[in-house]
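Hi everyone, thanks for coming. Let me put the structure up, and then we can look at some charged side chains together.

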Amino acid sequence: MIERSLAHPVFAPPLPARPPRIRPPRIQPVFLRRMSARSVFAVVLLAFVAICADAGAATRSRVATDASGSLVKVDGSVALIEPDIELSLVTAGGMLEPRKEWSDTARRLYPAEVRRQLQGKHVVVVPEYDIPDDLDPASQLGQIIRLHQAVAISILQYTAPGNALATKRDAKGRARMDWSLGPGVQTLRDATGADYALFTYLRDSYTSGGRAALRVVGFLLLGGDIGGGAQVGLATLVDLRTGQVVWYNLLAKQTGDLRDQEGAEKTVTQLLSKLPAE
């Protein structure tokens, strides 16, 4: 028997070094990685619409002020930038099912009605500007389009009821509006030949028969509305000489129809309300 003493310890062979711990990379959810600025805009807009619905508001409009504190007036020609419009059917399960035929009709009726009503306000309207399908997002024009989306999202977020910035006032007590796309808008001015660019985002949805039946059941059994079709939109007017957003209007309501001339006329009338053109 071999005695192990402290004077003559028996050493075990060294253990192999522990391999370094490799942390798995942080993987962003697929739906976030694939989310375009357009879809982010849709999410923010719909969230804001819920706030407006609670407040009972159909529109929310603001006009910028000049150096003297006076509300600006449209002074020059306006180009309607190709509107972002999509019409959908609300299925029984509450999903939005895009309808191309409806959307194509709205994309034809809406610009024509905008032109008619702007001319009725004595605004000089230049031909609509169609955004090229192959526009490089990294190009200067592509960056301006994307910047406008970001600014529009900012407007929605920071003018929502309860937001601290929504309560800021100018010297005359009016809600302050101070957004700009910067001098890079000169590229868009060169492309359109206009002094102002009118951007529009519109979503219109219509309740299916199955969804309508479920809404009735919801009222009877739950005592509340599970929701159906809605019309939401945002219009902004940008001064292409300075980059300043001079006006915007948010439209949020549960009625409206962009599939026919009468409905398009009503929607444009509401969306262009308080446009500082007269």
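Asp-133 is exposed, with a relative accessible area of 81%; exposed means over 50%, buried under 20%, and partly exposed in between, using a 1.4 Å probe and protein chains only. You'll find Asp-133 in the loop between strand E5 (125-129) and helix H4 (140-158). Helices (H or I, at least four residues) and strands (E, at least two) are DSSP runs, numbered from the N terminus.

A quick word on what you're seeing: this is a predicted model, where local features need pLDDT of at least 70 and side-chain atom pairs count only at pLDDT 80 or more, while totals for chains, interfaces and linings use all residues. Residues are numbered from 1 along each chain as its sequence is written, and side-chain values use heavy atoms, leaving out hydrogens and water.

Now, how many salt bridges does the structure hold? There are ten, each a side-chain nitrogen of Lys or Arg within 4 Å of a carboxyl oxygen of Asp or Glu. One of them pairs Arg-99 with Glu-97 at 2.9 Å, N to O. Arg-99 is partly exposed at 30%, and Glu-97 is partly exposed at 35%.

Next, Arg-241 bridges to Asp-239, with the closest N and O atoms 3.0 Å apart. Is Asp-239 buried or exposed? Asp-239 is buried, at 9%, whereas Arg-241 is partly exposed, at 35%.

Finally, Lys-266 and Glu-262 form a salt bridge at 3.6 Å, N to O. Both Lys-266 and Glu-262 are exposed.
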